Amino acid sequence: MSGKRAHTAWWAFLVHRVSGIALALFLPAHFLALGTALAGEEAFDTFLRWSEQPAVVFSEWVLVMLLAAHLAGGLRILALEFLPWRGWQKTLAALAAGFAVFAGLVFALTR
Amino acid sequence: MSARGEARLWLWQRVTAAFLAFFVLVHLATIIYAVRGGLSAAQILGRTRGSVTWGAFYAAFVFAAAVHGGIGFRTIAIEWLRLRSRAAGALALAIALALVALGLRAVAAVAIGP
């Protein structure tokens, strides 16, 4: 593997790992937030109104980007491990990054 | 852990990843569809309450994420926190069980109700 390609692979690895940690840490909060629906529709609505603050919307946007990045990075790993071709690491990493940005932009434009 | 045990965890990580790829794509599409014009409890619960399909989808999503996240944390605990395999495994199991418990509670909240 060339130095430049190794560098790309290292960044892909780091983004995948850090996004995975962030998503796993976020999940309990996400589940607890959804759990407010157990107290009724009004309690759930109160939480949803709270989530309309700019800082929360920004956090949601970051999480959507992290989710898309982890998804695309994970597909890259599956492709590298299970498909026969090996020379596409950099292209796959670029596609993964592109998909994350695309998902983030679509979310930002619709939210 | 034995080499066979490590290989089994590696395979579970990949199998859950394949399922999660589908779940996350559906989830991302649902998020982007649902946030148009703002979120409301009525809109979300109107889609999920009483729906066996959404309930089963999210329950499977929770199990896959819990197994995937648990195994991922085990690897990170060994590589970055320098925990021994047994301690990392115990931590991973605790994280996975907590995610399943909280996740199924959330699924019950949106798919079944109080």
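The following dialogue explains how several descriptions of this predicted model are reached.

Visitor: How do you know that chain B is more spread out than a compact globule?

Guide: The radius of gyration of chain B is 17 Å, whereas the globule rule gives 13 Å for 114 residues. The value is well over the rule, so chain B is described as more spread out than a compact globule. Along its principal axes, the C-alpha trace of chain B spans about 50 × 25 × 25 Å.

Visitor: What makes the pattern of chain B α-α-α-α?

Guide: Chain B has four helices and zero strands. Read along the sequence, these elements give the pattern α-α-α-α. Of the 114 residues of chain B, 30% count as buried. Among contacts in chain B between residues at least 6 apart in sequence, 71% join residues at least 24 apart.

Visitor: Why are H3(B) and H4(B) called roughly antiparallel?

Guide: Two packed helices are described by the angle between their axes and the distance between the axes. Helix H3 (residues 52-79) of chain B and helix H4 (residues 85-111) of chain B pack at an angle of about 160°, with axes 8 Å apart. Angles over 145 degrees count as roughly antiparallel. H3(B) and H4(B) are therefore roughly antiparallel to each other. Their crossing is right-handed, and the contact between H3(B) and H4(B) has 23 nonpolar, six polar and one charged residues.

Visitor: What makes Ala60(B) partly exposed?

Guide: Ala60(B) is found in helix H3 of chain B. Within 10 Å there are 15 other C-beta atoms. A buried residue needs 20 or more, and an exposed one has 12 or fewer. The count of 15 lies in between, so Ala60(B) is partly exposed. The C-alpha atoms of Ala60(B) and Leu20(B) are separated by 9.3 Å, although these residues are 40 apart along the chain.

Visitor: How do you know that Val101(A) counts as partly exposed?

Guide: Val101(A) lies in helix H4 of chain A and has 13 C-beta neighbours inside 10 Å. Since exposed means 12 or fewer and buried means 20 or more, Val101(A) counts as partly exposed. Val101(A) and Ala43(A) are 58 residues apart in sequence and 33 Å apart in space, C-alpha to C-alpha.

Visitor: How do you know that chain A and chain B are in contact?

Guide: Two residues are in contact if their C-beta atoms lie within 7 Å. On this basis, 29 residues of chain A are in contact with 28 residues of chain B. Helix H1 (3-35), helix H2 (41-50), helix H3 (54-82) and helix H4 (89-110) of chain A each supply at least two residues of the side touching chain B. H1(A) gives the most, with ten residues. The residues of this side of chain A divide into 20 nonpolar, five polar and four charged.

Notes. Residues numbered from 1 in each chain as written. Chains lettered and ligands numbered in written order. Predicted model: local features only at pLDDT ≥ 70, side-chain atom pairs only at ≥ 80, totals over all residues. Nonpolar A, V, L, I, M, F, W, Y, C, P; charged D, E, K, R; others polar. Rg over C-alpha atoms; globule rule 2.2 N^0.38 Å. Axes fitted to C-alpha atoms, helices over the stretch in contact; angles between N-to-C directions. Parallel < 35°, antiparallel > 145°, perpendicular 65-115°, else oblique. Left-handed = near helix turned anticlockwise from the far one by under 90°.
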